[in-house]
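Student: I've got a model open and want to talk through its sheet and pockets. Can you walk me through them?

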Amino acid sequence: MDATSTSLLVDGKPVGVAIEGLQIVDQFDTGRGYLLVTDYNDPWEEQTVVTLLDAEFKQVAKKRLGRFFYVFPSRTFSVKAIDIDGESLLFHGSSPEEGRYRLAVTDVRRLLGPRVGLKASWDRG
């Protein structure tokens with residue numbers, strides 16, 4: 001584990017898995033895996049990370065929500081609220097400029113065939 005990851009606990013016991021981010025914002029059982037939402041809790045580098053784990057807690061997919069600003073390698077997106085919209089989750093940013101993301105657990109095309117993954121799209125909300 002490094003300074004930008006968090007050890008995962010299940011029923012208060014470590015499972016030997018670290019996920020990106022410093023704090024867990026929310027978690028969902030999607031039926032296709034466990035979706036964990038984390039952030040860095042840093043006002044200068046606000047970024048939200050969504051990680052999909054399988055039943056054995058192995059990482060299947062990961063998306064970083066945020067846009068690059070100016071010339072600095074800085075992303076900003078801090079979740080204010082998460083709504084369930086059918087098969088998708090809506091991640092609302094903490095300001096109008098951050099907009100919102102629609103994220104779905106879906107089959108994603110890969111070189112060796114489709115597999116479960118994450119698909120995200122952004123709009124101004």
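Predicted model: local features only at pLDDT ≥ 70, side-chain atom pairs only at ≥ 80, totals over all residues.

Student: Which strand gives the most to the lining of the largest pocket?

Tutor: The lining includes F28, I84, L103, A104 and V105. Strand 10 (88–93) and strand 11 (100–108) each supply at least two of the lining residues. The top contributor, with three residues, is strand 11.

Student: And which strand gives the most to the lining of the second largest pocket?

Tutor: That pocket has a volume of about 150 Å³, and L8, Q27, Y34, L36 and F57 are the lining residues nearest its centre. Strand 1 (5–10), strand 3 and strand 4 (34–39) each give two or more residues to the lining. With four residues, the biggest giver is strand 3.

Student: Now the open sheet of four strands: which ones stand at the edges?

Tutor: The order is 3-4-5-6, paired antiparallel. Strand 3 (23–29) and strand 6 (59–65) each have a single partner strand, so one side of each has no neighbour in the sheet. The edges are therefore strand 3 and strand 6.

Student: Which residue in strand 6 stands opposite V50?

Tutor: Strand 5 (residues 48–53) runs antiparallel to strand 6, and six bridges join them. Opposite V50 you'll find K63.

Technical notes: Residues numbered from 1 in each chain as written. Heavy atoms only, no water. Pairing = 2+ DSSP bridges. 1 Å grid on protein atoms, 1.4 Å probe; cavity = no way out; pocket = protein on both sides within 12 Å on 5 of 7 lines; lining within 4 Å. Points joined across faces, edges and corners; volume = space filled by probe spheres on them.
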